[in-house]
Amino acid sequence: MSFINYSSREINCKIVYYGPGLCGKTTNLQWIYAKTNPDLKGKMISLATETERTLFFDFLPLSLGQIRGFKTRFHLYTVPGQVFYDASRKLILKGVDGVIFVADSQIERMEANLESMDNLRINLKDQGYELEKVPFVIQFNKRDLPNAAPLDELRRALNPLGVPDFEASAHNGSGVFETLKHVAKLVLSDLKRLGR
Amino acid sequence: MDSQMVMYEEDHKKILVVIGRLVREANAKGIFVVDRNGQLIAEAGEVRGIDTTSLASLTAGSIAATGGLAKIIGEQDFPVHFHQGLKDSLHITMVAGRWILVVIFDERSSLGLVRLRVKKAGADMSKIFEDLAKKADAEAASGTSPFAEITDDDIDNLFND
């Protein structure tokens with residue numbers, strides 16, 4: 001749910017990175033944080049366990065520039081990917097404007113990807129959203145690994161809707177900004193549509 | 001699903017009046033109003049040096065987590081939270097179900113005084129938020145959002161590196 005603030009001339013949108021444990025959601029945010037001009041970003045918050053697994057969420061506020069005199073700000077969140085943190089994932093999806101599903105391309109993670117995608121659909125529904133109607137893109141991460149599944153196989157399994165998808169290797173930044181930019185565009189286009 | 005949230009200048013000013021008064025009457029250090037989804041709405045008092053965006057996001061996360069705990073034990077919500085620190089403490093209250101009022105105070109005030117003053121301010125704010133919701137619904141129905149006019153070029157221009 002975007003927030004239009006006429007007083008500060010700001011529009012705020014919430015984007016959530018979803019996906020199975022260890023797929024690279026936090027790595028996406030870390031790369032964005034590392035490569036963004038300090039004037040355009042706030043502090044990155046990571047609520048993580050001692051072993052650096054996401055416990056509740058990571059959060060990164062990002063400014064993109066102005067549209068029609070309104071500053072556009074995106075709040076990026078990740079969910080904890082591990083299956084047993086489902087209650088936390090539900091909470092983080094509240095008020096979401098756009099979703100990036102980060103899939104782990106490794107063949108042995110296919111089942112975890114599918115399970116997480118189902119979980120996303122269910123948790124969105126709990127919040128009154130339908131995956132088909134939310135600005136949504138998929139990132140196939142870890143493309144650089146030797147055990148990565150072929151792209152068409154991943155698409156067949158995870159992207160039957162044919163939403164925009166991107167190949168990435170978040171640890172070296174490839175595909176990270178492309179994915180973010182695309183979902184941000186979809187969110188803003190959605191805002192335009194809703195404004196009519 | 002929540003509707004889109006809008007804040008107008010005149011309502012923002014009304015909120016600032018209420019929290020400005022609350023700072024004085026509760027002897028508080030600083031006050032923040034945050035939306036349940038983690039957006040900062042307004043602030044008053046000594047707030048310099050505080051990372052307000054992080055504060056808003058973490059407050060919303062904390063409220064969401066304790067709200068989840070409440071439901072597990074059969075409660076609707078825990079509407080009041082108090083975190084006591086060595087020097088500074090936080091008093092957090094839900095207002096009108098969707099807004100969060102955060103009061104930071106130190107030894108110049110007391111929990112009792114803060115609670116008393118927050119009660120009155122919360123009631124005043126509820127009224128403002130009710131009016132705001134009606135206004136936002138009316139605007140949504142009439143389709144006068146400033147974003148109806150944005151073009152694809154406007155959006156593309158944001159991403160020109």
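The model is a predicted one, and its scores are ipTM 0.84 and pTM 0.91. For chain B, the mean pLDDT comes out at 90, with 94% of the residues at 70 or more.

Chain B is built from 4 helices and 6 strands. Going along the sequence, the order is β-α-β-β-α-β-β-β-α-α. The C-alpha trace of chain B spans about 55 × 40 × 30 Å along its principal axes. Of its 161 residues, 34% count as buried. As for how the chain folds back on itself, take the contacts in chain B between residues at least 6 apart in sequence: 53% of these join residues at least 24 apart.

H1(B) has 17 residues and runs 24 Å from its first C-alpha to its last, close to the 24 Å expected at 1.5 Å a residue. Its buried residues are Asp11(B), Ile15(B), Val18(B), Ile19(B), Leu22(B) and Val23(B). These cover an arc of only 140 degrees around the axis, so they sit on the same side of H1(B). The face turned away from that buried side carries Glu9(B), Lys13(B) and Arg24(B), which are exposed. As for what lies over the buried residues of H1(B), the cover includes E1, strand E2 (30-35), strand E3 (40-45) and helix H3 (111-142) of chain B. Just past the end of H1(B), Asn27(B) has a positive phi of about 50 degrees.

Val18(B) gives a closer look at this packing. This residue belongs to helix H1 of chain B, and it counts as buried because it has 21 C-beta neighbours inside 10 Å, the cut-off being 20 or more. Leaving out residues up to four places away in sequence, Val18(B) touches Ala121(B), Asp124(B) and Met125(B). With Met125(B), the sequence separation is 107 residues, while the C-alpha atoms are 7.2 Å apart in space.

Buried positions in H2(B) are Thr53(B), Leu55(B), Ala56(B), Ser57(B), Thr59(B), Ala60(B), Gly61(B), Ile63(B) and Ala64(B). Just after H2(B) comes Gly74(B), with a positive phi of about 90 degrees.

Now for the contact between the chains. Chain B puts in 33 residues and chain A puts in 39. The biggest share comes from H2(B), with 8 residues. Sorted by class, this side of chain B has 15 nonpolar, 12 polar and 6 charged residues.

Over in chain A, strand E5 (residues 70-78) has 7 of its 9 residues buried, so it is largely enclosed by the rest of the structure. Strand E2 (residues 10-18) pairs with E5(A) in the parallel sense, over 8 bridges, and here Val16(A) stands opposite Tyr77(A). Strand E4 (residues 54-67) pairs with E5(A) in the antiparallel sense, over 9 bridges, and Ser63(A) stands opposite Arg73(A). E4(A) and E5(A) form a hairpin with 2 residues between the strands. In this hairpin, Arg68(A) takes a positive phi near 50 degrees.

Note on methods: Residues numbered from 1 in each chain as written. Chains lettered and ligands numbered in written order. Predicted model: local features only at pLDDT ≥ 70, side-chain atom pairs only at ≥ 80, totals over all residues. Contact = placed C-beta atoms within 7 Å. Nonpolar A, V, L, I, M, F, W, Y, C, P; charged D, E, K, R; others polar. Buried ≥ 20, exposed ≤ 12 C-beta atoms within 10 Å, placed from the backbone. Pairing = 2+ DSSP bridges. Expected span 1.5 Å × (residues − 1). Arc of directions from axis to C-beta. pLDDT = per-residue confidence, 0-100.
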